[in-house]
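Please look over the model shown below. A short report on its parts follows.

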Amino acid sequence: MSEWRVPLTDIAISEQDVQAVLDCLESGWLTMGPRTQAFEQALADYVGAPHAVTVSSGTAALHLACLAAGIGPGDEVIVPAFTFVASASAPRYVGAEPVLCDVRGPQNFNIDPEDARRRITPRTRAIVAVHFCGYPAEILALRELCDEHRLVLIEDCAQAIGAHVDDSGRRVGTVGELGAFSFFSKKQLCVGEGGMVTTADEALAERVRLLRSHALSSSTWDRHRGHDPAYDVVDIGFNFRLDEPRAALGMSRLGRLEEGIAARRATVRAYRERLAEVPGIELAFDEAAVERSSHFAFPVLLKDRPTRDRFREDLKENGIQTTWYPALHTFSGYRGYAPPEGLPGAMAAADRHCALPLSATMDMAEVDTVVEVVRAAVA
Amino acid sequence: MAATHSFPQLPLFDLRLEPQDLEAVAETLRSGWLTLGPRTAEFEQAFAAHLGARHAIALSSCTAALHLAYLAAGVGPGDEVIVPSFTFAATAAAALYCGATPVFAEISSRERPSLDPAAVERLITPRTKAVCVVHYAGYAGQADVLKELCDANGIALIEDVAHAPSATLAGRKLGTWGLAGAFSFFSNKVLSVGEGGLLCTDSDEVAAFVRSRRSHAMTSGTWDRHTGRTDTYDVTGLGFNYRLDEPRAALLLSRLQRLEAEITRRRELTVRYRALLAEIERIIVPFDDADVPSSSCYVIPIMLEEDGRQAEVSDRLRERGIQTSIFYPAIHRFTAYRERFPDVSLPVTELASRTELTLPFYPHMSHDDQDRVATTLAEAVAR
């Protein structure tokens, strides 16, 4: 294991979290049951969505969101080109075609509603709005666009649990017909592998519940409690279940989520203050976005790709772990998905950004260490 | 499991974890590293060694393992995969995920309810890409015969080993006969962890494909980047998130140490169960006593000789506090499959699925509880 002075992310599991998992393991009941139900209720309350259905990953959440929305072969789904690959894989899983659209650019990594509008064709069925790095996309504008064209809006909230869409306190995952969340180990609310679908529509929630467990008409838990052993399979479903130990861990950690997000935001503000005047470093997003974001990652901008790559090398040599997200159409598996005129906003954002270390447990000494190395690297 | 009013007094399965299992999970959680990393790698190596397979790749479920096994066998749109119908729906659903058609083949008999090689042979067409044998209840299907048949026809044999993590055929571990074996670590399984699965293979090519596809066909993982091995990644195809995580790998690794001992206990109890059940009139007890030493003894299936009494006998047992299950309702009779494949007729499978009952069974089951199940079953059947 390499020894980073400051790793990209760090997870602090409390003794209370550990105990919650151990209690669950001691109970001997490990598959979806009372803990999953309690976690789902708590998540629905937190997000402010009538229904929350836990699944095995954010990818599974997007997949089931596409299926529940009725997306299938021949359909097109508009997806920003600057996102994690799962956003575009999900439409492909259901036989639809992801149509890549541009993002605002290096200052705002999120989907450009005007470019999304230009990509709409008679075959378009949905738009996937990604709240990238925790910063909310222009979701209310996208809602209008989708309503105007009768499209389904799917919010990819994998990186953005707890982010606000406006100043009213409304959270991401409540504007689209469906929201897809991730509890992957780097995320603000992490359990290892896990995810969730949120929706206000009872029928969509029912559909997601059905398809996450092989479209069985009854569950192991139902049968354990004395229900009839016979069951039917009413559709082609999957095994996208979360299990009870992960639900227990998630439930325990959910209580500290707001505190964790506030700590992340404070760290981001400390970074921004210290980096604002550093020549060669540009900050992405504005103060309003920082206020609404739930801060999965903290990206800064360099002049261009060669500068960014050298910058990352410098930081690595000094023990600071960083990362960056490539644009989807630069992957060999996604060549041919970009429009002929290119996607300049996504390319510029991808080429110029570098994500610096960020976690809920980072202290100011670590921020100062990173900032010092950053200053030296750009000097 | 605490007994409460609505819970069965004798459940179908009952999982007990040991203090060292809990300690392994606690230690992993405290380490703060939860995604694919050193514990998963260690479990994979241990499980591969246990099987005598070249590669073992931990996955999110057996369904995921079957999906990737079929994809690795080259199964795609327009292809056919021959599967039994007397199995869990995932065996067939995974073929549909690939855009292929599951072709349902008959089982040999109610006494030996696994895929009938002669039936498989009749169903092979130029579009057949793979055959999936299910080692039902932990007892070996005819993987040897099917392997020859598949080789002769240039198609892949996939093994659904969800029930049979340490069972053998001719001294060779199940899962290692075909191109790939798909294991389940679901909570009611012989080696359980909650949700989890694994694919084993001797093929380097299949292993590389499965490792790539389980994590979005990315050329590096979070752990690689954390350890400074790589900086960035490419995405080379359409992959999935079929990863296991570290707490589950730690739990599996801890439980794997006791797997053989638990299976030995299962075998002893199975022999005893079989002797009790042999005394009961009008039931069939599948398999032979001679099969037990090479089986993982996952569950105790019985078949009622008479058709049409399954619900009544199951209800009667439930009234007496004994939970039963049906392993399995025939897949081709489910609504979703009848709609897609209306013309399938498999008389032996259909009779088996209408007459099967699975009885409570777990390694710490007491002799008294076994006696109670047998006595109650005898009464229920005799009525």
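Which β-α-β unit do β2(B), α4(B) and β3(B) make, right-handed or left-handed? The unit made by β2(B), α4(B) and β3(B) is right-handed. The model is predicted.

Strand β2 of chain B spans residues 80-84. Strand β3 of chain B spans residues 101-105. The two strands run parallel and are joined by five bridges. One pair can be named: B:Val81 has B:Pro102 in β3(B) as its bridge partner.

Is β3(B) largely enclosed or largely open? Four of its five residues are buried, so β3(B) is largely enclosed by the rest of the structure.

## Two domains in chain B

Chain B is divided into domain 1, residues 19-256, and domain 2, residues 259-382. Their centres, taken over C-alpha atoms, are 25 Å apart. The contact between them involves 29 residues of domain 1 of chain B and 28 residues of domain 2 of chain B.

Which elements of domain 1 of chain B each supply at least two residues of the side that touches domain 2 of chain B? They are β6 (168-169) and α9 (246-256) of chain B. By class, this side of domain 1 has 17 nonpolar residues, seven polar and five charged.

After α11(B) comes B:Gly321, with a positive phi near 80°.

Two of those packing partners, β11(B) and β12(B), pair in the antiparallel sense over four bridges. B:Met303 stands opposite B:Glu356 in β12(B). The sheet is open and has three strands in the order β10-β11-β12, with antiparallel pairing. At its edges are β10 (283-284) and β12 of chain B, each of which pairs on one side only.

## Where chain B meets chain A

How many residues of chain B are in contact with chain A? There are 62 residues of chain B in contact with 59 residues of chain A.

The most comes from α1(B), with six residues. By class, the side of chain B that touches chain A divides into 27 nonpolar, 23 polar and twelve charged residues.

## Two domains in chain A

Chain A is divided into domain 1 (15-254) and domain 2 (257-378). The C-alpha centres of the two domains lie 25 Å apart. The contact takes 33 residues from domain 1 of chain A and 32 residues from domain 2 of chain A.

On the domain 1 side, the elements that give two or more residues are β3 (97-101), β4 (103-105), β5 (108-111) and α9 of chain A. The largest share, three residues, comes from β4(A). The classes on this side are 19 nonpolar, nine polar and five charged.

A:Asn110 is in strand β5 of chain A. It counts as buried because it has 26 C-beta neighbours inside 10 Å, and the cut-off is 20 or more. Leaving aside neighbours within four places in sequence, A:Asn110 is in contact with residues including A:Val103, A:Arg104, A:Phe132 and A:Glu138. A:Phe82 is 28 residues from A:Asn110 along the chain, and their C-alpha atoms are separated by 7.7 Å.

A:Arg253 is found in helix α9 of chain A, residues 244-254. It has 22 C-beta neighbours inside 10 Å and so counts as buried. Not counting residues up to four places away in sequence, A:Arg253 touches A:Asp17 and A:Leu189. The C-alpha atoms of A:Arg253 and A:Glu138 are separated by 29 Å.

Definitions and conventions
Residues numbered from 1 in each chain as written. Chains lettered and ligands numbered in written order. Predicted model: local features only at pLDDT ≥ 70, side-chain atom pairs only at ≥ 80, totals over all residues. Domains from an automatic or database assignment. Contact = placed C-beta atoms within 7 Å. Nonpolar A, V, L, I, M, F, W, Y, C, P; charged D, E, K, R; others polar. Buried ≥ 20, exposed ≤ 12 C-beta atoms within 10 Å, placed from the backbone. Pairing = 2+ DSSP bridges. Right-handed = clockwise from strand over helix to strand, strands pointing away.
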